[in-house]
Amino acid sequence: MSSVFQAPRGVPDYVPPTSTRFLAVRDELTRAARLAGYSHIELPIFEDTALFARGVGESTDVVSKEMYTFADRGERSVTLRPEGTAGVMRAVLQHGLDRGALPVKLSYHGPFFRYEKPQTGRYRQLQQVGVEAIGIDDPALDAEVIAVADEGFRRCGLAGYRLEITTLGDSTCRPRYREALQQFLFGLDLDEETRRRAEINPLRVLDDKRPEIKAATADAPLMLDYLSDSVSENFAAVRGHLDRLGVVYEINPRLVRGLDYYTKTTFEFVHDGLGAQSGIGGGGRYDGLMSQLGGKQELSGIGFGLGVDRTMLAQEVEGVGTAEPARVLVYGVPMGERALDRLVTVAGDLRARGVAVDIAYGGRGLKGAMKAADKSGARFALVLGDRELDADQIEIKDLADGSQVTVGLDAVVAEISSRVLSG
Ligand code: HAM
């Protein structure tokens, strides 16, 4: 006998009842974005490889080690999207959205692919809800994006996370800092690969998780000490807006994100209950991405990606949002063929009125069918046998309090509908 297939390593399935929670988390995070005026954008799952290489940055682990890249049958190099920002920018430019009203506010959700070492909370197919606000550089907008993420996590019932923010400077002050950091790093005894990283993107080295590198870079110069006056004012303004919005944050001057496009405001939401994979969401501003991808104007953008998988894990740690929801409101219990025929019609009528109904198929006995009704979480069971049919009646059993009434078959749809409406 052949063995049962398994999903590819590091690729989670979400099966009922967890899949219901998956949708709830995705929808709550998205709802937070809707409440701030973000419109949905549906993007391709794969794009030209060059888009990510150029957009995300060649020095990142994401591009250099983790992309699912392959040649299609026409020998074009394509890549399963590792993140959403580069694709959104590509679509904005392709469809000329940058020539319309600004900012362009877009949100997206779906799977992303990174060939990482799988462990709890770190998957090769991960799910994100993201937003991008493109074309306006305003600290109030930075604060709004952060507040939307915060609101999304709260809507999912989370309370035990922290928000870390910093600023990564801009073209007026970043080069000076980069030079100082490189000078510091080149004074260390670094291995070949790390030295190369220090040359391409020295900030990356501060993100190195190896204890010896962490120790060696403990006294590295910090971006916050090299800010130009305008960036410094910008960062202060972002913090002021966050304070007014009641969003609690801490400044982490060593915050480094895994993607290269960030400038100025940068942030990460961290859940300490999750162990090593504690980042439940992150994002920031990106100034140069649009021109990097061939845009005519230099439009700045800001956005975030929130991890749906990790938000679900955080819910489990906090014991929130995990109550099993009812699958249907009404469960049909037919005793015999004739009863089933009639219940199928009743179920159809109820569904047409927006009431969720399931039926005990397969000729189960009363006991088995009632057990299935309980398991479904239904509020009402509709019990129908030959005796009731002959009297043109049906029994409505309230599964919450055990009470039951018999009503006319032609009145059952109206009766259930009115009970549903009255709660
Ligand atoms: P990111 O920090 O790479 O940012 O990913 C955002 C979130 O996706 C992370 O905080 C984490 O919750 C989740 N995530 C990332 N990798 C994995 C994984 N292997 N398994 C499970 N969850 C994961 C971005 O992707 C940027 N595009 C965000 C952004 C939008 N910045 C500006 N705009």
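**Contacts of Ile134 in the predicted model.**

**The largest nonpolar core.** This core holds 48 residues. Val88 and Ile134 touch the most other members. Elements that give two or more residues are helix 2 (49-56), helix 3 (61-64), helix 4 (85-94), strand 5 (104-113), strand 6 (125-134), helix 6 (174-186), helix 8 (202-206) and helix 11 (289-292). Helix 4 gives the most, with 6 residues.

**The second core.** A separate core of 39 residues includes Val25, Ala33, Tyr38 and Phe235.

**Helix 13, residues 337-352.** The helix has 16 residues. From first C-alpha to last, helix 13 reaches 23 Å, close to the 22 Å expected at 1.5 Å a residue. Gly354 follows helix 13, with a positive phi near 85°.

Which residues of helix 13 are buried? They are Ala339, Leu343, Val346, Ala347 and Leu350. Seen down the axis of helix 13, the buried residues fall within an arc of 105°, so they line one face of the helix. The face turned away from this buried side carries the exposed residues Glu337, Asp341 and Ala352.

**Cover over the buried side of helix 13.** Strands and helices both contribute to what covers the buried residues. Among the strands are strand 12 (330-334), strand 13 (357-359), strand 14 (380-384) and strand 15 (393-398). The cover also includes helix 15 (386-390) and helix 16 (412-421).

Technical notes:
Residues numbered from 1 in each chain as written. Predicted model: local features only at pLDDT ≥ 70, side-chain atom pairs only at ≥ 80, totals over all residues. Heavy atoms only, no water. Core = buried A, V, L, I, M, F, W, Y, C linked by side-chain atoms within 4.5 Å. Buried < 20%, exposed > 50% of the residue type's maximum accessible area, 1.4 Å probe, protein only. Helix = DSSP H or I, 4+ residues; strand = E, 2+ residues; numbered from the N terminus. Expected span 1.5 Å × (residues − 1). Arc of directions from axis to C-beta. Contact = heavy atoms within 4.5 Å.
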